[in-house]
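Visitor: I'd like to learn how to read pockets and ligand surroundings. Could you walk me through an example?

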Amino acid sequence: MSHVMNTYARQPVAFVRGEGVWLWDEEGRKYLDALAGIAVNTLGYAHPRLNSALLKRIQSGVVHTSNLFRIPDQEAAADRVAEITGLDEVFFCNSGLEATEASIKVARKYGHDRGIAEPAIVVMEKAFHGRSLATLSATGSRKVQAGFEPLVQGFVRVPLNDLEAVRQVAEHNRNIAAVMVEPIQGEGGINVARLDYLRGLKEICDRQQWLFISDEVQCGLGRTGKWFVYQHAGIKPDVVALAKGLASGVPVGACVVGNRAKGIFKPGNHGSTFGGNPLAMTAVVTTIDTVKEEKLMENAARVGNVILESLKTQLGNIVVEVRGMGLMIGVELDRPCPELVKLALDAGLVMNVTADNVIRLLPALVMNEAEARQVVERLVPLVKAFLARRAAA
Ligand SMILES: Cc1ncc(COP(=O)(O)O)c(C=O)c1O
């Protein structure tokens with residue numbers, strides 16, 4: 001019996017080696033990975049640049065010091081994150097929920113600074129922001145919240161892509177300090193916010209002096225063809241939450257602020273023992289530099305389009321919808337399909353099903369076109385057989 005706590009329904013496979021977008025299990029079976037550790041392994045597996053940078057950092061002996069001292073790697077990473085987000089200050093933490101939790105704290109502090117005694121944040125139905133008490137309270141899923149009540153107060157929920165709902169909140173609630181939105185909801189089922197909706201939301205935030213918080217933990221870092229989805233909409237948030245793909249597999253998170261959110265946190269307002277340590281920061285610097293130099297965003301847009309269009313052509317008439325942007329793709333079926341994950345593994349394909357009935361593809365940004373076509377070749381027959389079998393049953 002394993003002593004690992006039983007918090008995940010795990011697939012009976014263990015990957016022991018990886019290269020590019022390929023994985024090998026303990027028996028030596030090879031798999032095509034279209035999940036990248038849930039949008040984490042931006043550079044795929046065993047990228048030579050990342051491997052050698054991490055090795056060098058380890059060999060220096062300084063994997064960790066402390067935020068009590070200057071950390072040059074952290075300064076270099078913050079410069080890069082500021083440059084690619086277009087914002088000003090970066091707080092490094094270790095995970096997505098820490099990034100969103102910090103964003104919630106920034107919003108509350110901003111509210112208090114403006115004289116709101118009980119600041120509240122507008123959040124979206126079907127959103128996922130993490131599993132700490134505050135972030136699960138912000139999350140729009142009863143499954144995530146059940147059993148952990150009382151929830152943290154101060155969240156007002158509206159449907160995604162519904163500006164009128166936000167206008168109504170603005171009219172009736174004087175306690176709002178911020179809006180938090182995933183421009184593409186990941187866990188919620190690859191639900192894409194319309195770009196005009198994001199622009200409209202930003203306009204409301206500007207008018208009401210609310211903070212605009214973009215949770216790009218899953219959709220950010222180049223996978224949609226730009227560094228961040230808000231850049232497709234031509235807007236600049238006040239706060240951006242990052243994690244997952246930011247360090248290509250080394251645990252990291254970041255709460256990035258600018259505009260109205262700049263300067264809100266002062267010494268003593270927030271902290272993290274591990275956050276921003278030299279090992280993680282080396283991975284951040286190398287990931288960002290490599291995405292830039294190897295033109296991986298352009299690659300993500302092109303290769304993602306190959307997958308999206310092929311899936312639309314081949315499955316469009318039998319599934320509810322094929323949707324996404326770049327290398328963030330969902331295929332919604334008309335029925336729950338979690339068993340497809342195991343069937344895909346048997347066919348040598350690593351993918352995931354989220355929200356019960358949405359096949360989710362989040363490959364590494366290094367995937368090439370031939371590999372993308374193989375993803376489609378492996379996936380399409382599985383979906384067709386699954387739907388035909390269920391139709392016959
Ligand atoms: C949009 C979004 N925010 C926050 C989180 C939480 O990240 P973590 O699991 O690293 O705490 C996730 C994780 O899936 C996410 O997709």
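Guide: Let's start with strand 4 (89–93) and strand 12 (253–257), which each supply at least two residues of the lining of the second largest pocket. Strands here are DSSP runs (E, at least two residues), numbered from the N terminus. This is a predicted model, where local features need pLDDT of at least 70, side-chain atom pairs count only at pLDDT 80 or more, and totals for chains, interfaces and linings use all residues. Residues are numbered from 1 along each chain as its sequence is written, and side-chain values use heavy atoms, leaving out hydrogens and water.

Visitor: How should I read a pocket, and which residues lie nearest the centre of this one?

Guide: Rolling a probe the size of a water molecule over the atoms shows where empty space is left. On a 1 Å grid over the protein atoms alone, a pocket is an open set of points where a 1.4 Å probe fits, with protein on both sides within 12 Å along at least five of seven lines; lining residues have an atom within 4 Å of a point. Here 14 residues form the lining, with Glu89, Phe91, Phe265, Lys266 and His270 nearest the centre. Strand 4 gives the largest share, 3 residues.

Visitor: And which polar atoms lie 2.8 Å from the ligand?

Guide: A polar contact is a pair of N or O atoms within 3.5 Å. A ligand nitrogen is 2.8 Å from a side-chain N or O atom of Asp215. Ligand oxygen atoms lie 2.8 Å from a polar backbone atom of Gly96 and 2.8 Å from a side-chain N or O atom of Gln218.

Technical notes:
Helices (H or I, at least four residues) and strands (E, at least two) are DSSP runs, numbered from the N terminus. A polar contact is a pair of N or O atoms within 3.5 Å; within protein, one must be able to donate a hydrogen and the other to accept it, and residues adjacent in sequence count only if both atoms are side-chain atoms.
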